[in-house]
Amino acid sequence: MKKLLKITLWEIILQARQHIITVVAIITFIYSLAFTYFDELPSKFIVLLISTDPTMLGFLFIGVLILFEKGSKTIEAVVVTPIKKSEYLFSKIISLTGIALVASLVMAFASQKEFNILILILAVLLSSTQFLLIGFIGVSRIKTINQYIFTFPFLVSPLMLPLLNFFEFTDSIFLYVFPFQACLLLFKAAFEPILMWQWIYALVYLPLSTVGFYLLALKFYDKYLLQN
């Protein structure tokens, strides 16, 4: 546990040096300012912006961090240390999720809407963890920032399909296969009631799929990350 704490603290320092914390702070400030100025924004719009903060930003930033480590040969150095691959993954998940949690809470308070803070924290923790793992898997086979920028829209677009249900363009049960559907429901539940079956779906499907992505991320660590 002490080793994981040290690695996580180092990750936070690294993210500060890479200006990731600064970028998140700026985005959070802009969103919060907009929420304060436009105090009649619909809850759906606020849920959308707050939910994309821990999901999309985490997806993007873990890619940047991994590519930075590939470029600087840090990953090769990690292999010869006592750091386990699980500790390597958890240090990134804990540090980036912590940043996402602070940002999400600031935006939620700035929205001037009533919300359940415990449900919001749960939504951020589960959603951020899952999308960081998906981002890790997605970037494992990519070698450069340019490749990542080019492939990012193709990686993200399918994940965002549940927005069609969220904005009521569709009402497809097929979209419940995508974990982001569960993320949106949990974030929505922080601001307004959802149906019991939606609670069960979100609280069962999101953790189970996160475990699946974690196991897949461990395989990608060995198969692709160390070979690129």
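This is a predicted model: local features need pLDDT of at least 70, side-chain atom pairs count only at pLDDT 80 or more; totals for chains, interfaces and linings use all residues.

Trainee: Okay, let's start with α9. Is helix α9 largely enclosed or largely open?
Mentor: Largely enclosed by the rest of the structure, because twelve of the 13 residues in α9, which spans residues 179-191, are buried.

Trainee: Which residues of α9 are the buried ones?
Mentor: There's a run from Pro-179, Phe-180, Gln-181, Ala-182 and Cys-183 on through Leu-184, Leu-185, Leu-186 and Phe-187, and then Ala-189, Ala-190 and Phe-191.

Trainee: And at what angle do α6 and α9 pack?
Mentor: About 160°, with the axes of α9 and α6 (residues 117-139) 8 Å apart. That angle makes α6 roughly antiparallel to α9. The crossing of the two is left-handed.

Trainee: Which residues meet there, between α6 and α9?
Mentor: From α6 you have Ile-119, Leu-120, Ala-123, Val-124, Leu-126, Ser-127, Gln-130 and Phe-131. On the α9 side they meet Pro-179, Phe-180, Cys-183, Leu-186, Phe-187, Ala-189, Ala-190 and Phe-191. By class, the contact of α6 with α9 has 14 nonpolar residues, two polar ones and no charged ones.

Trainee: What is Ser-127 in contact with?
Mentor: Setting aside neighbours within four places in sequence, Ser-127 is in contact with Thr-55, Cys-183, Phe-187 and Leu-206. As for distances, Ser-127 and Pro-207 are 80 residues apart in sequence, and 9.2 Å apart in space, C-alpha to C-alpha.

Trainee: Staying in α6 for a second, what about Leu-133?
Mentor: Leu-133 is in α6 and is buried, with a relative accessible area of 1%. Beyond neighbours within four places in sequence, Leu-133 is in contact with Ile-93, Thr-210, Phe-213, Tyr-214 and Ala-217.

Trainee: Switching to the core. Which residues touch the most other members of the largest nonpolar core?
Mentor: Ile-50, Leu-120 and Phe-191, in a core of 72 residues. The helices that each supply at least two residues of this core are α2 (20-37), α3 (43-71), α5, α6, α7 (145-159), α8 (163-166), α9 and α10 (196-225). The largest share, 13 residues, comes from α3.

Trainee: So what does Phe-191 touch?
Mentor: If you don't count residues up to four places away in sequence, Phe-191 touches Ile-46, Val-47, Ile-50, Ala-108, Ser-111, Lys-113, Glu-114, Phe-115 and Leu-120. Ile-50 and Leu-120 come up there, and they are the ones named with Phe-191 for the core.

Trainee: Now α5. How do α2 and α5 pack?
Mentor: At an angle of about 15°, with their axes 8 Å apart. The two are therefore roughly parallel to each other, and their crossing is right-handed.

Trainee: What meets what between α2 and α5?
Mentor: Ile-20, Ile-21, Val-24, Thr-28, Tyr-31, Ser-32, Phe-35 and Thr-36 in α2 meet Leu-96, Ile-99, Ala-103, Val-106, Met-107 and Ala-110 in α5. The contact of α2 with α5 counts eleven nonpolar, three polar and no charged residues.

Trainee: Is Thr-28 buried or exposed?
Mentor: Thr-28 counts as buried, at 8% relative accessibility. Apart from neighbours within four places in sequence, Thr-28 is in contact with Ala-103, Val-106 and Met-107.

Trainee: Last one: what about α1 and α5?
Mentor: Helix α1 (residues 2-17) packs with α5 (residues 85-110) at about 55°, with the axes 8 Å apart. That angle makes α1 oblique to α5. The crossing of α1 and α5 is right-handed.

Trainee: How many charged residues does the contact of α1 with α5 have?
Mentor: Four charged, along with seven nonpolar and four polar. The residues meeting there include Lys-3 and Glu-11 in α1, and Glu-87 and Lys-92 in α5.

Note on methods: Residues are numbered from 1 along each chain as its sequence is written. Side-chain values use heavy atoms; hydrogens and water are left out. Buried means under 20% relative accessible area, exposed over 50%, partly exposed in between (1.4 Å probe, protein chains only). Helices (H or I, at least four residues) and strands (E, at least two) are DSSP runs, numbered from the N terminus. Axes are lines fitted to C-alpha atoms, for helices over the stretch in contact, and angles run from 0 to 180 degrees between N-to-C directions. Angles under 35 degrees count as roughly parallel, over 145 as roughly antiparallel, 65 to 115 as roughly perpendicular and the rest as oblique. A crossing is left-handed if the near helix is turned anticlockwise from the far one by less than a right angle, and right-handed if clockwise. Contact means heavy atoms within 4.5 Å. Ala, Val, Leu, Ile, Met, Phe, Trp, Tyr, Cys and Pro count as nonpolar, Asp, Glu, Lys and Arg as charged, and the others, Gly among them, as polar. A nonpolar core is a set of buried Ala, Val, Leu, Ile, Met, Phe, Trp, Tyr and Cys residues joined through side-chain atoms within 4.5 Å.
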